[in-house]
Amino acid sequence: SGYVGRNGCRADKKEGDSSTPIGDFGVLTAFGIRQNPGTALDWLNVTDDLWCPDSAVPDYNKIVSSRNGGTASGEHLIEYSPQYNYAMFLDYNTACNPEDGSAIFFHCIGPKQYTGGCVAVSEENMKYILSVFGRNDRVIIDSYYE
């Protein structure tokens, strides 16, 4: 079990709609505030890294380091624990079209029973998923009805 965006899942996701996109996604990189739990995916230890939401700069929709010449503003990932203790950055909107929204993460559950458009599961489940997830595996997001 887990959570998706506050407004559910949508095939026509737009920036700021608080919905999770429906689709078939690869993983660009795994990352976390905590150490790599044993994933075969490329791993980024979060330090001063941030996610860049500014569509006017080349770093838009990327995880960057301000220390290494990246954008100096954005969502400082290290400030979001437990959400980003363990996470994966999905390949949603790799064309970087600002209207489509950005930064769809698969991460740990935080304090709310919804996300801003990501997918969240328990930290225990996220660690397990990372431990079995292969480089060619996919994340499939679809609507679910009981």
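**Exercise 1. Which residues lie nearest the centre of the largest pocket, and how does its lining divide by class?**

Start with the lining: 28 residues line the largest pocket, and Tyr84, Thr115, Gly116, Gly117 and Cys118 lie nearest its centre. A pocket here is an open set of points on a 1 Å grid over the protein atoms alone, where a 1.4 Å probe fits, with protein on both sides within 12 Å along at least five of seven lines; lining residues have an atom within 4 Å of a point.

Keep in mind that this is a predicted model: local features need pLDDT of at least 70, side-chain atom pairs count only at pLDDT 80 or more, and totals for chains, interfaces and linings use all residues. Residues are numbered from 1 along each chain as its sequence is written, and side-chain values use heavy atoms, with hydrogens and water left out.

Next, the classes: the lining splits into 12 nonpolar, 10 polar and 6 charged residues. Ala, Val, Leu, Ile, Met, Phe, Trp, Tyr, Cys and Pro count as nonpolar, Asp, Glu, Lys and Arg as charged, and the others, Gly among them, as polar.

Finally, the volume is about 510 Å³, taken as the space filled by probe spheres set on the grid points, which are joined across faces, edges and corners.

**Exercise 2. Which strand gives the most to the lining of the second largest pocket?**

The second largest pocket holds about 290 Å³ of space. Its lining has 13 residues, with Val4, Cys9, Ile141, Asp142 and Tyr144 nearest the centre. Strand E13 (residues 139-141) gives the most, 3 residues; strands (E, at least two residues) and helices (H or I, at least four) are DSSP runs numbered from the N terminus. By class, you get 8 nonpolar, 2 polar and 3 charged.

**Exercise 3. In what order do the strands of the open sheet run, and which are the edge strands?**

Go across the sheet: 6 strands, E1-E12-E11-E10-E5-E6, with mixed pairing. Strands E1 (2-3) and E6 (43-45) are the edges, each pairing on one side only; pairing takes at least two DSSP bridges.

Now check the senses. E11 (residues 105-108) and E12 (residues 119-121) are parallel over 3 bridges, and Cys108 sits opposite Val121 in E12. E10 and E11 run antiparallel, joined by 3 bridges, and Met88 has Phe106 in E11 as its bridge partner. E5 and E10 are also antiparallel, over 4 bridges, with Phe31 opposite Ala87 in E10.
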